[in-house]
Amino acid sequence: MKLVLAIVNHDDANAVTRALTKKGFSSTKLATTGGFLMAGNVTILVGVDEEKLQNVIDTIREESHSRKQMIPTSTEMSYGYYPSMPVEVTVGGATIFVLDIERFERV
């Protein structure tokens, strides 16, 4: 058995969990924050048998999209902060971790 931890953008989380459910996978969503933007993410947990692992990863990949976003930047000068040009960054997509599970029990 494997445990999939997928960190996805908040905007994609519902599409990912709907697609997983449609394909028969149960998942748990956790609201998380991270990255250099400190933006809202969702961590999705899926327990899956090893032979179905690639199907879960492919589903997450299909429903997680990267996008461009403009972020404001500022520069610190000796008397305070001065605004500078916004910077375009790529956000979204998914970061996926797969962990081996030694033991699984329902109680």
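Trainee: What pattern does the chain follow, read along the sequence?
Mentor: The pattern is β-α-β-β-α-β-β-β-β-β, with two helices and eight strands. Helices (H or I, at least four residues) and strands (E, at least two) are DSSP runs, numbered from the N terminus. This is a predicted model, in which local features need pLDDT of at least 70 and side-chain atom pairs count only at pLDDT 80 or more, while totals for chains, interfaces and linings use all residues. Residues are numbered from 1 along each chain as its sequence is written, and side-chain values use heavy atoms, with hydrogens and water left out.

Trainee: How much of the chain counts as buried?
Mentor: 26% of the 107 residues. Buried means under 20% relative accessible area, exposed over 50%, partly exposed in between (1.4 Å probe, protein chains only).

Trainee: Which residues touch the most other members in the largest nonpolar core?
Mentor: Val 46 and Val 56, in a core of 15 residues. At least two core residues come from each of β1 (2-9), α1 (10-22), β3 (39-48) and α2 (53-63). A nonpolar core is a set of buried Ala, Val, Leu, Ile, Met, Phe, Trp, Tyr and Cys residues joined through side-chain atoms within 4.5 Å.

Trainee: And what is Val 46 in contact with, leaving aside neighbours within four places in sequence?
Mentor: Its partners include Leu 3, Leu 20, Phe 25 and Val 56. Contact means heavy atoms within 4.5 Å.

Trainee: Switching to α2. Which of its residues are buried?
Mentor: Leu 53, Val 56, Ile 57, Thr 59 and Ile 60. They lie on the same side of α2 because they cover an arc of only 160° around the axis, taking directions from the helix axis to the C-beta atoms.

Trainee: At what angle do α1 and α2 pack?
Mentor: About 145°, with the axes 9 Å apart. Axes are lines fitted to C-alpha atoms, for helices over the stretch in contact, and angles run from 0 to 180 degrees between N-to-C directions.

Trainee: Which residues meet there?
Mentor: From α1, Asp 12, Ala 15, Val 16, Ala 19 and Leu 20; from α2, Val 56, Thr 59, Ile 60 and Glu 63.

Trainee: Is Asp 12 buried or exposed?
Mentor: Buried, with a relative accessible area of 5%. Beyond its neighbours within four places in sequence, Asp 12 is in contact with Glu 63, Ser 64, His 65, Arg 67 and Gly 93.

Trainee: Where is Ser 64 found?
Mentor: In the loop between α2 and β4 (66-71). Ser 64 counts as buried because its relative accessibility is 10%. A polar atom of the Ser 64 side chain lies 2.9 Å from the backbone oxygen of Ile 60.

Methods:
A polar contact is a pair of N or O atoms within 3.5 Å; within protein, one must be able to donate a hydrogen and the other to accept it, and residues adjacent in sequence count only if both atoms are side-chain atoms.
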